[in-house]
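Student: I have a chain and its ligand to look through. Can we go over the structure step by step?

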Amino acid sequence: DRSDLAASLRSLDGASYGRYKSLSGSWSVSGLQLEVLRVQADPFAPPSRVRLTVDDAGLPGDLVATADRRRALAAFLLRGLRRTLRGTPVHVDAGGPEVLDRTAGTVREDGVVVVEVGVPFPGPKRRILGREAATLLGETLPAAAREAICAADVDAARTFVETVEDAVALRAALADRGLVAFVADGAVLPRRSGVDDRPLEGATPFGGPPELRVTLTAPNAGEVGGLGVPEGVTLIVGGGYHGKSTLLRALEAGVYDHVPGDGREQVVTRPDAVKLRAEDGRAVIHDDVSAFVAHLPSGEPTDDFSTTNASGSTSQAASTVEAVEAGADVLLIDEDTSATNMMIRDARMQQLIATEPLVPFVERVRPLHAEHGVSTVLVMGGSGDYLGVADTVIMMDAYRASDVTARAHEIAAAGTSRAVEHTGFPAVTPRVVDPRSLDPTAKGKRRVTARGRDTLTFGEDDIDLSAVEQITDRSQVAGIGRALALLGDGVLDGTITLAEGLDLLDAELDRRGLHALLDGRSEDLARPRRHEVAAALNRLRSMRLRRT
Ligand code: ADP
Ligand code: MG
């Protein structure tokens, strides 16, 4: 390692910006290893990337004992580093309230901590500002790393690690208990706003009904009581503005672990729970939507349906069968974002329209569970059609949950009900994707770029992810992009099904971590779930199937 980064920077003062490139490589700075991984081409390009390796962090061994603990500790340290560097131009990808594997921070089994940050190298007039750069890289950054990592608050770190470990254990306990989700008593579900993820101040803490109360055991917190949402068909009912969607959103987020203080630390959902919604305008590529669409006015086959511009109902039908194909075992649906004609058709409309091609979800939701083991949690305040098909009915009343299953079944039995026209849930035809169609090349260059939370540029395509609601942030979008590229380049081979490819991808990520996604070039990535990878692939307009 070269030893005097600050002196080298000062000697470059006033030189042309491009000479920053000469700093690439490894340095020893205040006892830390500092690597300049990538130097931006000009002052307006995305910041340069710098890696710091701290091998004398001195963290207690129990905090690094398991992979979950190391993931949590890395998240804790990154959040500390972001705090310490606030007010400087250094970017630390510490993320939001979800605790995800991130390339920005890793804790190794031997306790070595590696962080990667974005540093805009100063040079407003395309001239190197040597003294400023020397202070930033030679003093501010290493001092911040020492403060946030070597002098980390060990008690707070332990609380953080134990909180995450408990969430993992609670989530792992769900399947054996026949539950799809768990909401601990006292959890704080609402957020401050649609754009502010922090817990709403003064919120009514969650309290579950005695009939659905379960107690789970967490390794650190011990016995935790709360609402157990059973497998099968669960309805969340209640008046408008009484907290239905807020509960469902907490279940959506429950596939991830949350930081202490978030309010949802002990709200957990099965890892393969997928939020579905209508998304008119999306592309659909060779989906078998025959479970929901009996025939199309154009005469196209419904088991091989493609469109560049789906309607609300066909988009939701497509997303449903795609989720099942990718291995979802819980579907989460909110009436607020659903296509009404996909969800319900009442008795009177059945009488009027004899030729309706859409099979409403209400007819498929029970067989979906009975035949395929896929449970559904559905928010539905506007129609009673589901009362008769629900195993469990939870009512939200002034943010409090009660069990109204018995009353709902009485009402369903007494009322004039709609005629059931369809039975069963036909198996979804597995698709074999042509790996050559997952080509991230555009104008001769590889291009996989997250354009924020909602858009992934992949080769020539811009994939709209705004309706894929369980995506957390831009770094996860970047991870999705890399995962798509990996699927196309080595995982899918034109013979295995998409679901088999996603299994291989998960196995590779479990084995190698995020390194499986980094092909040499370092960037801020967060680990995506298979479901969001599949959702992006399904929205990639250039995707093609392998004809067999
Ligand atoms: P619904 O879907 O039943 O119409 P929402 O879930 O959208 O209702 O909630 C309505 C409003 O109530 C939202 O602004 C939400 O933030 C707020 N809210 C939800 N749960 C709580 C709670 N436990 N305490 C305080 N406010 C809440
Ligand atoms: Mg709502």
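Tutor: Start with one definition: two residues are in contact if their C-beta atoms, placed from the backbone, lie within 7 Å. Keep in mind that this is a predicted model.

Student: How many residues of domain 1 are in contact with domain 3?
Tutor: The domain assignment of the chain gives domain 1 as 5–152, domain 2 as 182–428 and domain 3 as 435–538. The C-alpha centres of domain 1 and domain 3 are 26 Å apart. On the domain 3 side, 13 residues take part, and on the domain 1 side the number in contact is 13.

Student: By class, how many residues on the side of domain 1 that touches domain 3 are charged?
Tutor: Asp, Glu, Lys and Arg count as charged. That side of domain 1 also has three nonpolar and three polar residues. The number of charged residues there is seven.

Student: How are α11 and α13 oriented to each other?
Tutor: Helix α11 covers residues 474–491 and helix α13 covers residues 530–538; their axes are 9 Å apart and the angle is about 70°. Angles of 65 to 115 degrees count as roughly perpendicular. Therefore α11 is, relative to α13, roughly perpendicular.

Student: Which residues of α13 make the contact with α11?
Tutor: From α11 come Ile 480, Ala 483 and Leu 484. By class, the contact has six nonpolar, no polar and one charged residues. The residues from α13 are Glu 532, Val 533, Ala 536 and Leu 537.

Student: Which residues of α12 make the contact with α11?
Tutor: The axes of α11 and helix α12 (residues 498–512) come within 11 Å and cross at roughly 105°, so these two helices are roughly perpendicular to each other. α11 contributes Ala 483, Leu 486, Leu 487 and Val 491. The contact divides into six nonpolar, one polar and no charged residues. From α12 come Gly 501, Leu 504 and Leu 505.

Student: Which helix gives the largest share of the shell around ligand 1?
Tutor: There are 15 residues around ligand 1, and Ala 203, Lys 244, Ser 245, Thr 246 and Tyr 399 come nearest. By class, the shell has seven nonpolar, seven polar and one charged residues. The largest share is three residues, and they come from helix α5 (residues 244–253).

Student: Is Arg 126 buried or exposed?
Tutor: Arg 126 is found in the loop between β5 (113–119) and α3 (130–150). Its phi is near 60°, a positive value in a residue other than glycine. Arg 126 has 11 C-beta neighbours inside 10 Å, so Arg 126 is exposed.

Student: Where is His 286?
Tutor: His 286 is not a glycine, yet its phi is positive, about 55°. With 17 C-beta neighbours inside 10 Å, it counts as partly exposed. Its place is in strand β14 (residues 284–287).

Student: Which residues is Gln 350 in contact with, leaving aside neighbours within four places in sequence?
Tutor: Gln 350 is in helix α8 (residues 347–352) and is partly exposed, with 15 other C-beta atoms within 10 Å. The C-alpha atoms of Gln 350 and Ala 419 are separated by 7.9 Å, although these residues are 69 residues apart along the chain. Leaving aside those sequence neighbours, the contacts of Gln 350 are Arg 345, Arg 418 and Ala 419.

Technical notes:
Residues are numbered from 1 along each chain as its sequence is written. Chains are lettered from A and ligands numbered from 1 in the order in which they are written. This is a predicted model: local features need pLDDT of at least 70, side-chain atom pairs count only at pLDDT 80 or more; totals for chains, interfaces and linings use all residues. Axes are lines fitted to C-alpha atoms, for helices over the stretch in contact, and angles run from 0 to 180 degrees between N-to-C directions. Helices (H or I, at least four residues) and strands (E, at least two) are DSSP runs, numbered from the N terminus. Angles under 35 degrees count as roughly parallel, over 145 as roughly antiparallel, 65 to 115 as roughly perpendicular and the rest as oblique. A residue is near a molecule or strand if its C-beta atom, placed from the backbone, lies within 6 Å of it. Domain bounds come from an automatic or database domain assignment. A residue is buried if 20 or more other C-beta atoms lie within 10 Å of its own, exposed if 12 or fewer, and partly exposed in between; C-beta atoms are placed from the backbone.
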